[in-house]
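Please look through the structure shown here before reading the notes that follow, which are grouped by topic.

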Amino acid sequence: MKPKVSIIIPFYNCPYVELAIRSALAQTYQPLEIIVVDDGSTLYFDKIRKYGGRVCYLGKPNGGTASALNHGIRNATGDYIAWLSSDDFYKPGKIERQIQLMTETGAYISHTNFNFINGEGLLTKYAVASAFPSMPDFYRALMEGNPVNGCTVMIRREMFAQIGLFDESLPYTHDLDFWYRAVLAGYSFPFLNETLLYYRWHDGMGTRLHHDEIKIELAHVQANYRDRMEKLIARS
C-alpha cells in the first residue's frame, strides 16, 4: 500500500490561499490529505469555502505559523507530512517525486529546490536553493542562516514523536530550530535538486515585515545550538 501524505496549509488573511489549495489538489500523487489550518483569519475565507469536502478545514485562535502547523500535524492522518504556505504553490509532481526519494532512501526528512516568484506570480529567479557537496557543508550553512525552505520539506510522521513538534515560542525560526534538532538526532536530510515549489516574495510576507525581529530570533537560535552543531561538524 502506498503511504498517505498530509499537506498542511497554514492560513492567515492571505489573498493567495486559493492558488496554494489548487496546487495541492493538482498533485499527481495519491493517497493525499489536504488540511487548511485557519489561524484566526478575518479575511479571504470565501477563497477556501468553495473547496468544501475536498480539503479538511481546521479553525483555531491566532497563534502563529508554528502553532498552526502543530495543530495540523496533530489532526493529520498521513504517514508523511508536507507544509505549504498559503502564498506559495507546488508543481504537480512535487509530492510524487519527494515520496519516491524518501521511500528509496529511507529518509525521515528531505527538502527540494525551488523558484522565486513575485506578487503577480511571475518567475524572478530559478533554482534558488544551494546543493551542498557534503553534509558538513550543509551543517555549516545551517549555522550561518537557513538554507532549507520549509515548504519544500517532507517529514515522516514518526519523526515528530521522536524529536517533538515545532517550537511555538519561536514565531519566525521554528523551522530552523526543527532542522537543528533533526540533524543533531542523527537524521539524514537529503536534498532533491528539482524545482518543485514556487516561493512568493511579496510586500506582505512576514520575512519582509518582521526583518529586525527575525534577525534577533535567528541569533538566539543559532547561539543555542552552536556548540552542538560544531561538534557534529567535527565528527562528520
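Predicted model: local features only at pLDDT ≥ 70, side-chain atom pairs only at ≥ 80, totals over all residues.

**Strands and a buried asparagine**

- Asn113 lies in strand 6, and because its relative accessible area is 2%, under the cut-off of 20%, Asn113 counts as buried.
- Leaving aside residues up to four places away in sequence, Asn113 touches a list of residues that includes Ala127, Val128, Thr152, Phe191, Asn193, Glu194 and Leu197.
- Strand 6 and strand 9 run parallel and are joined by 6 bridges, and Ile117 stands opposite Arg200 in strand 9.
- Strand 9 also pairs with strand 5 (residues 89–90), here in the antiparallel sense and over 2 bridges, with Tyr90 standing opposite Leu197 in strand 9.

**Helix 5 and what covers it**

- Helix 5 spans residues 135–144, and its buried residues are Pro136, Phe138, Tyr139, Ala141, Leu142 and Met143.
- The cover over these buried residues includes strand 6 (109–117), helix 7 (174–184) and helix 9 (211–235).
- Arg140 and Asp137 both lie in helix 5, 3 residues apart, which is about one turn of the helix, and they form a salt bridge in which the closest N and O atoms are 3.3 Å apart.
- Arg140 has a relative accessible area of 38% and is therefore partly exposed, and Asp137, with a relative accessible area of 27%, is partly exposed as well.

**Aromatic rings**

- A search of the whole structure finds 18 aromatic pairs, one of which is formed by Tyr108 and Tyr187, whose ring centres lie 5.4 Å apart with the planes at 45°, so that this pair is tilted.
- This pair links distant parts of the chain, since Tyr108 is in the loop between helix 4 (94–105) and strand 6 while Tyr187 is in the loop between helix 7 and strand 9 (191–200), 79 residues apart.
- Tyr108 is partly exposed, with a relative accessible area of 22%, whereas Tyr187 counts as buried at 13% relative accessibility.
- Phe160 and Phe178 form a tilted pair as well, at 5.5 Å centre to centre and with 40° between the planes, and this pair links Phe160 in helix 6 (residues 158–163) to Phe178 in helix 7, 18 residues apart.
- Both Phe160 and Phe178 are buried, and they belong to one aromatic cluster whose members also include Trp83, Phe132, Phe138, Tyr139 and Trp179.

**Charged side chains**

- The structure holds 7 salt bridges, among them the one between Arg97 and Glu194, where the closest N and O atoms are 2.5 Å apart.
- Arg97 counts as partly exposed at 27% relative accessibility, and Glu194 counts as partly exposed at 26%.
- Arg156 meets Glu158 in a salt bridge of 2.9 Å, N to O, and the charged end of Arg156 also sits over the ring of Tyr108, 4.1 Å from its centre.
- The charged end of Arg200 sits over the ring of Tyr16, 3.9 Å from the centre of that ring.

How values were computed
Residues numbered from 1 in each chain as written. Heavy atoms only, no water. Buried < 20%, exposed > 50% of the residue type's maximum accessible area, 1.4 Å probe, protein only. Helix = DSSP H or I, 4+ residues; strand = E, 2+ residues; numbered from the N terminus. Contact = heavy atoms within 4.5 Å. Phe/Tyr/Trp six-rings, centres within 6.5 Å; stacked < 30°, edge-to-face > 60°. Lys NZ or Arg CZ within 6 Å of the ring centre and 35° of its normal. Pairing = 2+ DSSP bridges. Salt bridge = Lys/Arg side-chain N within 4 Å of Asp/Glu carboxyl O.
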